[in-house]
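Work through the exercises below with the sequence and coordinates at hand, and try each task before reading its solution.

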Amino acid sequence: MLLVLAVVWSLFVGALRWLVAHPWVPVALLLAAAAAGVVWAHRRRETARRDRVRERGLRYALPQIDALHHRQFEEAVRDLMRRDGCPGAVRVGGAGDNGADVKATDPFGRLWVIQCKHRRAGLAGSAVGTPDLHVLNGTGRPVHKGDVVVLVTNGRFTSNAVAFARSQELHLVDRQLLAQWAAGSTPLWRLLGVVPSPRRPASGS
């Protein structure tokens with residue numbers, strides 16, 4: 001142990017003497033680290049700027065949506081919410097999501113809880129029925145504290161599901177409304193029409 005300590009101390013002293021003899025080395029290292037930090041910050045800003053531009057111009061056609069994997073569909077819904085002005089929108093779908101695939105807070109302070117049901121066959125796929133809405137209704141407000149609770153599908157809903165959603169103040173986005181939302185630039189809350197009152201004014205208003 002003493003031998004190891006002696007060796008370490010010898011190396012440390014030798015390094016200090018070398019640095020004293022070459023004082024430009026730590027200066028150069030500091031300048032290099034500063035330059036790397038500047039480059040990293042610039043790239044991060046550029047990436048964020050490109051993401052904002054992409055989100056503002058984000059569009060999906062129904063054939064694109066139909067071809068997505070269900071996880072990609074959830075990500076697409078998340079990105080559309082970000083495009084609409086919800087920069088904190090996140091995909092939370094997966095095991096233990098308690099019926100929420102996407103959560104987002106809009107510019108008015110309302111929390112959106114969204115469940116996504118992707119149908120590879122679109123309208124020809126199985127219709128979304130009341131069992132899925134029962135899950136969403138049981139967790140959207142009680143568990144997730146959502147102000148606006150939505151189920152989005154690229155397919156269709158059963159008539160019973162439509163009636164149940166209306167009775168429970170759940171919002172449904174079917175294939176037709178999804179096409180309008182994804183291919184345009186109108187925020188979802190305007191397309192849905194009747195949604196809860198804002199919690200706060202929109203920024204800049």
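## Exercise 1: Trp 112 and the cores

Task: list the residues with which Trp 112 is in contact, leaving aside its neighbours within four places in sequence.

Solution. With contact meaning heavy atoms within 4.5 Å, the partners of Trp 112 are Met 81, Val 102, Lys 103, Ala 104, Asp 106, Val 148, Val 150, Leu 188, Trp 189, Leu 192 and Val 195. The model is predicted, so that local features need pLDDT of at least 70 and side-chain atom pairs pLDDT 80 or more, while totals for chains, interfaces and linings use all residues. Residues are numbered from 1 along each chain, and side-chain values use heavy atoms, without hydrogens and water.

Next, take a nonpolar core as a set of buried Ala, Val, Leu, Ile, Met, Phe, Trp, Tyr and Cys residues joined through side-chain atoms within 4.5 Å, where buried means under 20% relative accessible area with a 1.4 Å probe and protein chains only. In the largest such core, of 29 residues, Trp 112 is one of those that touch the most other members, together with Met 81 and Ile 114. Helix H4 (70–83) and strand S3 (111–117) are among the elements that each supply at least two residues, and H4 gives the most, with 5 residues. A second, separate core has 14 residues, including Leu 111 and Ala 165.

## Exercise 2: the lining of the largest pocket

Task: which element gives the most to the lining of the largest pocket?

Solution. H6 gives the most, with 3 residues.

Notes. Helices (H or I, at least four residues) and strands (E, at least two) are DSSP runs, numbered from the N terminus. Buried means under 20% relative accessible area, exposed over 50%, partly exposed in between (1.4 Å probe, protein chains only).
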